[in-house]
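Biologist: Let's go through this one together. I'll keep asking how you know things.

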Amino acid sequence: MERIDDVTIEGQQARSVWVYAFDQADPRDRTRLGGKGANLAQMVQWGLPVPPGFTITTEACKAFWQAGERLPDHLQSEVSMAMLRLERAAGKRFGDAFHPLLVSVRSGAPVSMPGMMDTILNLGLNDVTVRALAYQSQNPAFAYDSYRRLIQMFANVVFHVPLDPFEHVLQSAKARHGCKFDGDLAAGAWKEVVATCLRVYAERVGEPFPQDVHTQLRLAIEAVFRSWRSQRAMVYRKLHNLSEDLGTAVNVQAMVFGNIGEDSGTGVIFTRHPATGERALFGEFLVNAQGEEVVAGTRTPQPIAELAIKMPTVYRSLITVAHQLETRFRDMQDVEFTVERGRLYVLQTRNGKRTAQAAVKIAIDMVHEGLIQPQEALLRVDAQHLRQLLYRRLQSTDGLAVLTKGLPASPGAAVGRIVFDANTAVAWAGRGERVILVRPETTPEDIHGVLAAEGVVTLHGGMTSHAAVVARGIGKPAVCGCDDLRIDMEKLTLCAGEAMLREGDWVSVDGGMGMVFIGQGTLAEAQMANELNELLAIADQVRRLRVRANADTPEDARRAREFGAEGIGLCRTEHMFLSPARVPLVQRMILATHAVERKAALDELLPLQVADFTEIFRVMDGLPVTIRLLDPPLHEFLPREEELVANLGRLRAKATSESEIAEVEQLLCQARYLREANPMMGLRGSRLGIVYPEIYDMQMEAIVIAAAQAVQSGIQVELEVMLPLIGSTKELRHLRERMEQVGQAVMERLGVTIDFRIGTMIEVPRAALTADEIAEDASFFSFGTNDLTQMTYAFSRDDAEGKFLNVYFDRDILSSNPFETLDTRGVGRLIRWAVESGKSRRPDLKTGVCGEHGGDPASIAFCEELGLDYVSCSPFRIPVARIAAAQAALQHERIG
């Protein structure tokens, strides 16, 4: 990377280490320059209309923190040299009383974090330079408005003074002068506003606003560095699994002004539609405004198409620049621009945030356009976000009154109770409520509320506001720019026309249509788009891992095949019994005190199991089906003791017959006998099959009968029977031999031969540690990572997620939820050991994962690294798993 030209100061030469001018920096060094700095350097070197400036690197940010939140002396001298060079490029001097240079100071991390860190505009204005700006621009109102903006922004960013007192000053001035809009204020009124803002600043900060422009610059740089560790930035990084060690660069750039008159303006464009991927310029702009007003959502902007009418020459230039940026960066771009007196300037560009739907369409379209290769298209899509492609929608709006129509900022649909602040959203969601966050406009400080809510509605702001960008990034529906809504924060009410809703009332949000309805709508699931199917076809050619489904019913199996499942990796037979008609039969079986009673219940369950298995084999014709024998924690099926006691009391009060009372007493006695202190580690799985062998006998009989019926009707059956909760080889051998005997007997009785394999689920740490022994009696290992995680951590998932995991995340004891992303260092080490030791004893051992980690991209990457044969996940996560498996294969190939 080149350095800034040597600048001689008092006869001494100094060389840059941490500061690089845009026109001399190496755009490839994104780690040091940050994404914004690298792209600015690239655009300048391509000759695009970018105001000059320089970047202070992320290494300087790290040095700032290491020095105790202080700018190192060497860095300050480099910044001084860079400012001299910038002055020469701009033809103005920083702090000059005649031709003052004003600059913006912006953050720029190596990865895009829109709105999460701080910016200060108009830096360099003071009581002297504002008069020079007024004279040069021949627009004193603009000059003093810019000064007011700097004072307000500086107080907020550097000293965390709320914006409200400054906004109150402005609103009072408009009311006093009878003005509706900011632009209606005359120069004299703006001078009054500035004088009042300076007093507010001094009162709130405890010292006057700094008139020394170099002091302004130093404090601004420090503030931007500090914003790297702001609460909102840390929440965003945790959400997107970004490293805390990256740091942010700082970009200092000569100001251009969009608020200098009606021939000026500012805006944001995407080179393609960020919600749909459509190949057309998309964005918004404001006339006579500065950029922060667009992204902050404080004013509702106009569609970019209107720019073609208001400033046709600028619009044509913007089209040309957009095409150049997209072609050269080979990706959809998010571009901030300013128009100063009819001249276009590009302030920054970055790869645009987009919905999963748009990401897939853009990737496939760019393959067709020859911009990228098919494998690159795979890597352009965040597999985790693909679940957004299965966006829910409002099935029907019949009977729902329209509350408002705004801008369709982020697609999808949601139903919830309205709340008016982020903290309330978090609190209500924490107690299980579905909420819709309604705000005048969201700020980065609201991110925790956006995460907690089902959807977001804002009164102001557009498609590129903070609310829209964040909602699209995390797959939440959002409707912005609902100007006809009114919020009363004291009464906690929301009004539109004659309609008035209170906090807690239900609304339905359609983010794709930009509609908000009063009441609870019915949600329906979406279908996969053609572009996703094309991307999945590319993925299927690349990936090595097979993708199966966790499917417990014929309906689940059908859905899984629609999503591309290559078999069933886990059919949990206990889930077949979770229906009102079947639960009583299972309870009779479990509560039976004699084998005869249990056999009678099992005889009634047998044909139901046969029917289920037959239909599953039919749906999965020719694909492997792994059926896990019964593994319920008994408390899931036992009647509640308190209900039995209450029922017994009612029967006794009614003087019911002794036989009825005795029957309930017997149920109560048996329920109490079977009740366990820790059901997840109690009489379940293989233990149940050993203590009550007739249960597994019935299931094995049903499986073989169903397979026989399927084969006889021309269906191909590839059957695997899985024995759950095995902890020792003797357990496995005992059950395997018995199941083989039952299966053989049924086949002899039916006169058929059915090939099947028997394996086990590795979910007990001891099984993983003794995998070499267990492999002697197992044809396959299926890792039940949910239970394996519970037993390795000694966490009860039901209790941990509600009681202490969030505290662990907040205090960085855990970086991620081990039930969502596999703990590779602990649980993963057990899996690695089991795979390696199991295959050392049985080289042809098939291995897979069937916990919900099988649908998590990071966990899938680990499965690829271990060389597992397949992953299995819920049907709706299959598209995610197929893409993630392909991406893992490509990454593994690169590393290898």
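Modeller: Asn259 lies in the loop between strand 9 (249-254) and strand 10 (265-270). Strands here are DSSP runs of E, at least two residues, and helices are runs of H or I, at least four, numbered from the N terminus. This is a predicted model, where local features need pLDDT of at least 70 and side-chain atom pairs count only at pLDDT 80 or more, while totals for chains, interfaces and linings use all residues. Residues are numbered from 1 along each chain as its sequence is written, and side-chain values use heavy atoms, leaving out hydrogens and water.

Biologist: Why does Asn259 count as buried?

Modeller: Buried means under 20% relative accessible area (exposed is over 50%, partly exposed in between; 1.4 Å probe, protein chains only). Asn259 has 4% relative accessibility, so it counts as buried.

Biologist: What makes the link between the side chains of Asn259 and Ser146 a polar contact?

Modeller: The two side chains are joined at 3.4 Å. A polar contact needs N or O atoms within 3.5 Å; within protein, one must be able to donate a hydrogen and the other to accept it, and residues adjacent in sequence count only if both atoms are side-chain atoms.

Biologist: Why is helix 5 called largely enclosed?

Modeller: Because 17 of its 20 residues are buried.

Biologist: What span does helix 5 reach, and what is expected?

Modeller: Helix 5 (residues 140-159) reaches 28 Å from first C-alpha to last, close to the expected 28 Å. That expectation is 1.5 Å times one less than the number of residues.
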